[in-house]
Amino acid sequence: MDVIPAIDLLEGRCVRLYQGDYERSQVFSENPVDVAKQWVDQGATRLHIVDLDGAKAGKVVNLEAIAAIAQAVSVPIEIGGGLRDRTSIQQVFNLGVQWAILGTIAVEQPQLVQELCQEFPSKIIIGIDARNGLVATRGWLETSEVLATQLAVQMQELGAAAIIYTDIHRDGTLSGPNLEALRELTGAISIPVIASGGVSSVTDLLSLLALEPQGVTGVIVGRALYTGDISLKEALQAIGPGRIQDIPPNIDFSAFA
């Protein structure tokens with residue numbers, strides 16, 4: 001299972017929000033490029049970037065920071081926040097970003113999503129951010145009447161490569177992932193699902209392993225990495241490639257101490 005560090009950009013800085021509240025942001029670094037390098041140096045094989053300014057503005061805002069990160073690291077990057085037209089999406093792909101995460105337009109312009117999935121096969125991920133089971137849009141500032149599972153099924157039919165599911169009430173709270181909602185979602189679709197929101201400990205990560213056979217292929221970790229509640233090395237040992245429980249019994253565990 002992929003462990004994907006999150007880098008949330010606000011005014012060019014690396015921050016974390018609490019339940020998506022822009023008024024409750026905490027700055028963790030003035031230099032997101034250094035943060036990206038740090039996670040890659042510690043073993044990250046993929047990075048998750050959110051342009052928080054872009055999510056509010058409806059267009060990509062932190063282009064300079066995104067470009068700098070893409071140039072500084074060799075691992076694939078997924079980017080979300082403000083990607084609501086073809087031009088913006090092409091723009092981030094031109095920077096070297098591997099996947100574009102679409103949220104608001106999945107609800108508001110499904111026909112455009114279908115066209116983008118055809119134009120950029122395997123590169124369009126749908127970010128479903130849910131509040132009490134209903135999809136939130138426009139930087140989580142609005143809540144639609146669309147059910148998360150309903151949207152996931154529709155997006156799978158339109159050709160989405162994967163779904164990132166975020167439980168807003170748990171995001172940034174370190175209160176654990178919403179396993180019940182993830183189980184319901186993976187039961188409705190067959191494309192990969194990446195869990196996001198609430199992960200606070202290695203125990204939380206291990207709890208997600210039960211959902212791996214149902215299609216949860218990765219987890220995005222944010223605040224817990226920045227506060228030190230989880231070390232990326234421990235997370236990768238717990239659920240990543242070569243995780244401890246997959247090591248053959250004749251191998252000396254002391255080598256991993």
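This is a predicted model: local features need pLDDT of at least 70, side-chain atom pairs count only at pLDDT 80 or more; totals for chains, interfaces and linings use all residues.
With S4 (residues 47–51), the pairing is in the parallel sense and extends over four bridges. Within this pairing, Asp8 has Val50 of S4 as its bridge partner. Strand S12 (residues 216–221) likewise runs parallel to S1, and four bridges join the two strands. Here Pro5 stands opposite Val221 of S12. Strand S1, which spans residues 2–10, is mostly covered, with eight of its nine residues buried. In a regular strand, side chains alternate between the two faces of the sheet.

The largest nonpolar core comprises 73 residues. The members that touch the most other members of this core are Ile7, Leu47, Leu102, Ile124, Ile126 and Ile163. A further core, of nine residues, lies apart from the largest one and has Ile4, Ile125, Ala162 and Ile220 among its members. When neighbours within four places in sequence are left aside, the contacts of Leu47 include Ile4, Pro5 and Ile7. Leu47 is also in contact with Ala36, Trp39 and Val40, as well as with Ile69, Val73, Val75, Pro76, Ile77 and Glu78.

Helices H1 (residues 32–41) and H3 (residues 63–72) have axes that come within 9 Å and cross at roughly 30°. Because angles under 35 degrees count as roughly parallel, H1 is described as roughly parallel to H3. The crossing of H1 past H3 is right-handed. On the H1 side, Pro32, Val33, Ala36 and Lys37 take part in the contact, and they meet Ala65, Ala68, Ile69 and Ala72 of H3. Two of the residues named in this contact, Ala36 and Ile69, are also among the contacts of Leu47.

Thr137 lies in strand S8, which covers residues 134–137. The relative accessible area of Thr137 is 6%. Since buried means under 20% relative accessible area, Thr137 is classed as buried. Not counting residues up to four places away in sequence, Thr137 touches Thr104, Val107, Glu108 and Glu142.

Note on methods:
Residues are numbered from 1 along each chain as its sequence is written. Side-chain values use heavy atoms; hydrogens and water are left out. Buried means under 20% relative accessible area, exposed over 50%, partly exposed in between (1.4 Å probe, protein chains only). Two strands pair if DSSP finds at least two bridges between them. A nonpolar core is a set of buried Ala, Val, Leu, Ile, Met, Phe, Trp, Tyr and Cys residues joined through side-chain atoms within 4.5 Å. Contact means heavy atoms within 4.5 Å. Axes are lines fitted to C-alpha atoms, for helices over the stretch in contact, and angles run from 0 to 180 degrees between N-to-C directions. Angles under 35 degrees count as roughly parallel, over 145 as roughly antiparallel, 65 to 115 as roughly perpendicular and the rest as oblique. A crossing is left-handed if the near helix is turned anticlockwise from the far one by less than a right angle, and right-handed if clockwise.
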